[in-house]
Amino acid sequence: MRASRAYAAIAVACAAVGFAAPPAAATNGPSDVTVNPYSVHQGSTISIAATGCGHGGTVTSNAFPQASLSAGGKGYASARINDSATPGHYNLAVKCSDNPMVATHQFTVLAGRGAHGGLGGSFGPSDTDVAVGAGLVASAALGGAIFVARRRNAAAKA
């Protein structure tokens with residue numbers, strides 16, 4: 001009787017471990033490949049996302065060097081478009097590390113480096129800006145000192 005209880009306990013423990021273990025995920029290869037932005041300038045960065053590569057993979061194209069796709073339910077990669085890439089339509093190929101299937105997606109390379117917004121803080125204040133700022137600070141300090149001095153005199157007389 002003791003042996004049957006021990007066997008039953010072992011069977012229950014094995015079943016619990018078996019049900020708790022995650023199922024082996026067989027991938028069907030990359031799918032749902034997206035790029036952002038679709039139209040990208042030479043020298044800019046493009047972001048790629050794909051599902052189905054649980055163990056990661058690679059992204060290749062004639063427009064940029066090979067990039068690594070991160071592991072997980074949805075893998076991500078980013079690649080810098082070559083400065084010398086000829087403007088036009090390109091294809092990229094996503095290949096999973098654990099599957100020979102390949103998925104492709106098209107994107108467009110635009111000429112030029114794109115817009116460089118603003119001056120980026122490359123210019124400092126001019127001498128006139130500094131003089132005007134210093135004058136405003138000095139007049140504020142002088143006005144504050146006069147206000148405090150008059151208030152003390154009014155309080156002392158009362």
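Aromatic cluster and core of a predicted model

In this predicted model, ring pairs link Phe64, Tyr90 and Phe107 into a cluster.

User: How many aromatic pairs does a search of the whole structure find?

Analyst: The search finds 2 aromatic pairs.

User: Why is the pair of Phe64 and Phe107 called tilted?

Analyst: The ring centres of Phe64 and Phe107 are 6.1 Å apart, and rings pair if their centres lie within 6.5 Å. Their planes stand at 35 degrees. Planes under 30 degrees apart count as stacked, those over 60 as edge-to-face and the rest as tilted, so the pair of Phe64 and Phe107 is tilted.

User: What makes this a link between distant parts of the chain?

Analyst: Phe64 sits in the loop between β4 (57-61) and β5, whereas Phe107 belongs to strand β8. The two residues are 43 residues apart.

User: Why is the pair of Tyr90 and Phe107 called stacked?

Analyst: The centres of these rings are 6.0 Å apart, and the limit for a pair is 6.5 Å. The planes of Tyr90 and Phe107 are at 20 degrees; because planes under 30 degrees apart count as stacked, the pair is stacked.

User: Which parts does the pair of Tyr90 and Phe107 tie together?

Analyst: Tyr90 lies in strand β7 and Phe107 in strand β8, so the pair ties together parts that are 17 residues apart in sequence.

User: How do you know whether Tyr90 is buried or exposed?

Analyst: Tyr90 has a relative accessible area of 16%. Buried means under 20%, so Tyr90 is buried.

User: Is Phe107 buried or exposed, and on what value does this rest?

Analyst: The relative accessible area of Phe107 is 0%. With the limit for buried residues at under 20%, Phe107 is therefore buried. Phe64 is buried as well.

User: Which residues have the most contacts inside the largest nonpolar core?

Analyst: They are Ile48, Phe64 and Phe107, in a core of 23 residues. Strands β1 (31-36), β3 (45-51), β5 (67-69), β6 (74-80), β7 (88-96) and β8 (102-110) each supply at least two residues of this core. Its largest share, 4 residues, comes from β7.

User: Why is Asp32 called exposed?

Analyst: Asp32 has a relative accessible area of 57%. Exposed means over 50%, so Asp32 is exposed. This residue is placed in strand β1, and it has a positive phi of about 50 degrees although it is not a glycine.

User: Where is the cis peptide bond that has an omega of about -5 degrees?

Analyst: This cis peptide bond joins Asn36 and Pro37. Pro37 lies in the loop between β1 and β2 (39-41).

How values were computed
Residues numbered from 1 in each chain as written. Predicted model: local features only at pLDDT ≥ 70, side-chain atom pairs only at ≥ 80, totals over all residues. Heavy atoms only, no water. Core = buried A, V, L, I, M, F, W, Y, C linked by side-chain atoms within 4.5 Å. Buried < 20%, exposed > 50% of the residue type's maximum accessible area, 1.4 Å probe, protein only.
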